[in-house]
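Me: Could we go through this model together? I would like to begin with one loop and then turn to the helices.

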Amino acid sequence: MEEKIKKILCEVDQYYSEKILIYGTTPQGVDWNGKESQSLRFHQLCKIIENACDFSINDIGCGYGALLDHLSTCYCTFRYNGFDVSEAMIQSAKQRYSENRSACFYKGSEPFEAADFSIASGIFNVRFERSDEEWLSYLCSTLDILNLKSLRGFSFNCLTIYSDSAKMKPYLYYADPCMLFDFCKKRYSKHVYLLHDYGLYEFTIGVKKE
């Protein structure tokens, strides 16, 4: 792993570990505003799954496992692996789902093996002191991993450059949805979709494998 990426992941670990220690297993504990927007966000991300049955999924940046709650209300049979660089997040997730034999949680930024689907929620938002160029490079290298570890497709979200300028914060990264759509279309698959119509200052991109 490149030294730059190691430093980024170390910063991410510290940032989110502090959040969950302060706010606990709540949306605020993973730096989101509330349950309503979190549920809406998951709904968009899970459109990549459609009507799949008995699938496997990698959740990158799983936090305390909130996506697993959402999946459990929508699908009966699936195998879930959650990954997060924060040890505090992983321990919280393991405690919450200690009796769920279909779910496993691991400390790390990259899945051990490919799953049918991969989802990454919120992992590209907080860039700290990184420049746009540095963060975009990290983002694209992470998308390469998502593509490699996904058999049927993957989805991710980003804050959008179309956010109200007065509300934009310097330590957050606001991505260009058109550029990333073009990037995914040319690099990964002909079957790519962009969702930018669900009322949040973000967008979701899904990549379906042929």
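**A loop, the helices and the core**

Reply: S165 is located in the loop between β5 (150-160) and β6 (174-175). Please note that the model is a predicted one.

Me: Is S165 buried or exposed?

Reply: S165 is exposed, as its relative accessible area is 64%.

Me: Helices next. At what angle do the axes of α1 and α4 cross?

Reply: The axes of α1 (residues 3-23) and α4 (residues 87-96) cross at roughly 45 degrees and come within 7 Å. The two helices are therefore oblique to each other.

Me: Which residues meet there, between α1 and α4?

Reply: From α1 there are D13, Y16, S17 and I20, and these meet E87, A88, M89 and S92 of α4. Sorted by class, this contact of α1 with α4 has 4 nonpolar, 2 polar and 2 charged residues.

Me: Let me stay with S17. Is S17 buried or exposed?

Reply: S17, which belongs to helix α1, counts as buried because its relative accessibility is 13%, and the cut-off for buried is under 20%.

Me: What does S17 touch beyond its sequence neighbours?

Reply: Not counting residues up to four places away in sequence, S17 touches S86, E87 and A88.

Me: Another pair, then: how do α2 and α3 cross?

Reply: Their axes come within 10 Å and cross at roughly 65 degrees. That makes α2 roughly perpendicular to α3, and the crossing of α2 and α3 is right-handed.

Me: Which residues make the contact of α2 with α3?

Reply: Q38, S39, F42 and H43 of α2 meet A66, L67 and H70 of α3. By class, the contact of α2 with α3 comprises 3 nonpolar, 4 polar and no charged residues.

Me: Which residues of α3 are buried?

Reply: In α3 (residues 66-74), the buried residues are A66, L67, L68, H70 and L71.

Me: And what do the buried residues of α3 pack against?

Reply: Their partners are α2 (35-45), α4 and the strands β1 (55-60), β2 (78-84), β3 (103-107) and β4 (115-120).

Me: You mention β1. How buried is N58, and what is in contact with it?

Reply: N58, in strand β1, counts as buried at 2% relative accessibility. Leaving aside neighbours within four places in sequence, N58 is in contact with N81, F83, P111, E113, A114, A115, F117, S118, I119 and K149.

Me: What about α5 and α6, how do their axes cross?

Reply: The axes of α5 (residues 132-148) and α6 (residues 177-187) come within 12 Å and cross at roughly 35 degrees. The crossing in which α5 passes α6 is right-handed.

Me: Who meets whom between α5 and α6?

Reply: L136, L139, C140, L143 and D144 in α5 meet M179, L180, F183, C184 and R187 in α6. The contact of α5 with α6 divides into 8 nonpolar, no polar and 2 charged residues.

Me: Which residues touch the most other members of the largest nonpolar core?

Reply: That core has 62 residues, and I49, L143 and F156 touch the most other members. Helix α1 gives the most to this core, with 6 residues. In soluble globular proteins, nonpolar side chains tend to be buried together.

Me: What does F156 touch?

Reply: Residues up to four places away in sequence aside, F156 touches L45, A120, F124, L143, L180, C184, F203, T204 and I205.

Me: Last topic, the backbone. What is the phi of E50, and what is that of F128?

Reply: Phi of E50 is near 55 degrees, a positive value in a residue other than glycine. Phi of F128 is near 60 degrees, also a positive value in a residue other than glycine. Most residues other than glycine have a negative phi.

Me: Where do E50 and F128 lie, and are they buried or partly exposed?

Reply: E50 lies in the loop between α2 and β1 and is partly exposed, with a relative accessible area of 46%. F128 is in the loop between β4 and α5 and is buried, with a relative accessible area of 16%.

Definitions and conventions. Residues are numbered from 1 along each chain as its sequence is written. This is a predicted model: local features need pLDDT of at least 70, side-chain atom pairs count only at pLDDT 80 or more; totals for chains, interfaces and linings use all residues. Side-chain values use heavy atoms; hydrogens and water are left out. Axes are lines fitted to C-alpha atoms, for helices over the stretch in contact, and angles run from 0 to 180 degrees between N-to-C directions. Helices (H or I, at least four residues) and strands (E, at least two) are DSSP runs, numbered from the N terminus. Angles under 35 degrees count as roughly parallel, over 145 as roughly antiparallel, 65 to 115 as roughly perpendicular and the rest as oblique. Contact means heavy atoms within 4.5 Å. Ala, Val, Leu, Ile, Met, Phe, Trp, Tyr, Cys and Pro count as nonpolar, Asp, Glu, Lys and Arg as charged, and the others, Gly among them, as polar. A crossing is left-handed if the near helix is turned anticlockwise from the far one by less than a right angle, and right-handed if clockwise. A nonpolar core is a set of buried Ala, Val, Leu, Ile, Met, Phe, Trp, Tyr and Cys residues joined through side-chain atoms within 4.5 Å. Buried means under 20% relative accessible area, exposed over 50%, partly exposed in between (1.4 Å probe, protein chains only).
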